[in-house]
Amino acid sequence: MKKGLIALAAGAFALGFAEFVLMGIITNVAAGVGVTVPEAGGFISAYAIGVCFGTLILVFGHSIAPKRLLMAFMLLCCVGNAMAALAPSAGMLTVARFISGMPHGAFFGTATIAARAMADKGQEGRAVAVMVLGQTLANTIGVPFGTLLAGMVSWRAAFVFVAIWALCSLLLIWRLVPQIEAVADAGLAGQFRFLGKPGPWIVLGAVFLGNTGIFCWWSYVSPWLETVGGWSATMLPALLVLAGLGMIVGSQLGGRAGDRLTPGWASAIGQGIACVAMLLIYAFSGSLASSAALMVLCCCGLFFPSSPQQLAMVEVGQGGGEMIGSACVQVAFNGGNAVGAQIGQAVLNSGAAYNVPALAGAPITAGAVALLALYALRFESRYHKKAVTPQA
């Protein structure tokens, strides 16, 4: 494995931890700042909104060398999470979460370009999957560790940890990522020219719908495991490790599927797995074994499309919009995250059990499968190319 990919994975770990740790410590955070668990879903939404606004950084920074951009994003991640650790109130924590989310989409958009540049020909999907692996490892190791920290020390300690990790990732990127040329400067308007065609909007719509559906349930996975699955709170860190393993398997399978098939079809397969898993979660998750197994299956489907969707948007953005296109995946992902958390909150506030948000989310994710199939059948051939990737 090329060392630069390890540095990118370290950065992805920081952002994955920052994004997902709240799902494991949401009960602790809610109690710490004096809000209810459903109201704490707003901290998840604040991060997601920050992702959307932060992508605008690339509009003005696209001509900067990717390595310098990646280092700047890690610095911003460090600052935002340090603020979260020190937040004295729910309002300040909301602001800190917004700032923490700002580098997220921009980092993944830039890191996708860097990973492709470092990849061997025909293995672009696997290279991007290595970068995304950092995000999945954050769920396997980081989130359970953060949950453990919250229980043993304080929920604030989890944010201190990720702030330090982001700073270390900055140093790794500085040492290990090679100098890579910035994408072609197509001008301000040229960066968005690709959005004038239907293909990218279909992909982004699928990303948004797919994650809206999944996050209806996943945003409240900890209380679901306790109240529906019957697990004790002390088992949550181990269960989140199990969930992370499902994400790792999904991301690596998705990377290979993207190289062997096409990004569109690979993404459709992943969303289909998640959709089926959520229907099963609603109907059959009332035991220890079934809740754990179905959680792993859904998490596999959640990350299966990650690298194929990133590559699909790089392809549709060719000609100057590659970085914006890839970053837009994270905007759509986190936009779905925010909306899904709010839909789940509304379902729970109506008095429903914690398995019902999965039923509410399943048809939304089914819409993503339909959009990706449409893209693969009608539009993908005009974008998908086995081009020679510049070697770092």
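At roughly what angle do the axes of helix α12 and helix α13 cross, and within what distance do they come? In this predicted model, the axes of α12 (residues 263–284) and α13 (residues 288–303) cross at roughly 160° and come within 7 Å. Local features need pLDDT of at least 70 and side-chain atom pairs count only at pLDDT 80 or more, while totals for chains, interfaces and linings use all residues. Residues are numbered from 1 along each chain as its sequence is written, and side-chain values use heavy atoms, with hydrogens and water left out.

**Helices α12 and α13**

- α12 and α13 are therefore roughly antiparallel to each other, a term for angles over 145 degrees, where angles run from 0 to 180 degrees between N-to-C directions.
- The crossing of α12 and α13 is left-handed, meaning that the near helix is turned anticlockwise from the far one by less than a right angle.
- Contact (heavy atoms within 4.5 Å) joins residues of α12 including Gly270, Ile273, Ala277 and Phe284 to residues of α13 including Ser290, Leu294 and Leu302.
- By class, that contact of α12 with α13 has eleven nonpolar, four polar and no charged residues, where Ala, Val, Leu, Ile, Met, Phe, Trp, Tyr, Cys and Pro count as nonpolar, Asp, Glu, Lys and Arg as charged, and the others, Gly among them, as polar.

**Helices α4 and α7**

- Helix α4 (residues 66–86) packs with helix α7 (residues 155–176) at an angle of about 165°, their axes lying 8 Å apart, and the two are therefore roughly antiparallel.
- The contact is made by residues among them Lys67, Met71 and Leu86 of α4 and Trp155, Arg156 and Trp174 of α7.
- The residues of this contact of α4 with α7 divide into 20 nonpolar, two polar and two charged.

**Helices α15 and α16**

- The axes of α15 and α16 (residues 356–378) cross at roughly 140° and come within 9 Å.
- In the contact between them, Ile343, Gly344, Val347 and Leu348 of α15 meet Val356, Pro357, Ala360 and Ile364 of α16, a set made up of seven nonpolar, one polar and no charged residues.

**The largest cavity**

- The lining of the largest cavity draws at least two residues from each of α6 (124–152), α9 (198–218), α14 (306–316) and α15 (322–349), and divides into seven nonpolar, seven polar and no charged residues.

Methods:
Helix = DSSP H or I, 4+ residues; strand = E, 2+ residues; numbered from the N terminus. Parallel < 35°, antiparallel > 145°, perpendicular 65-115°, else oblique.
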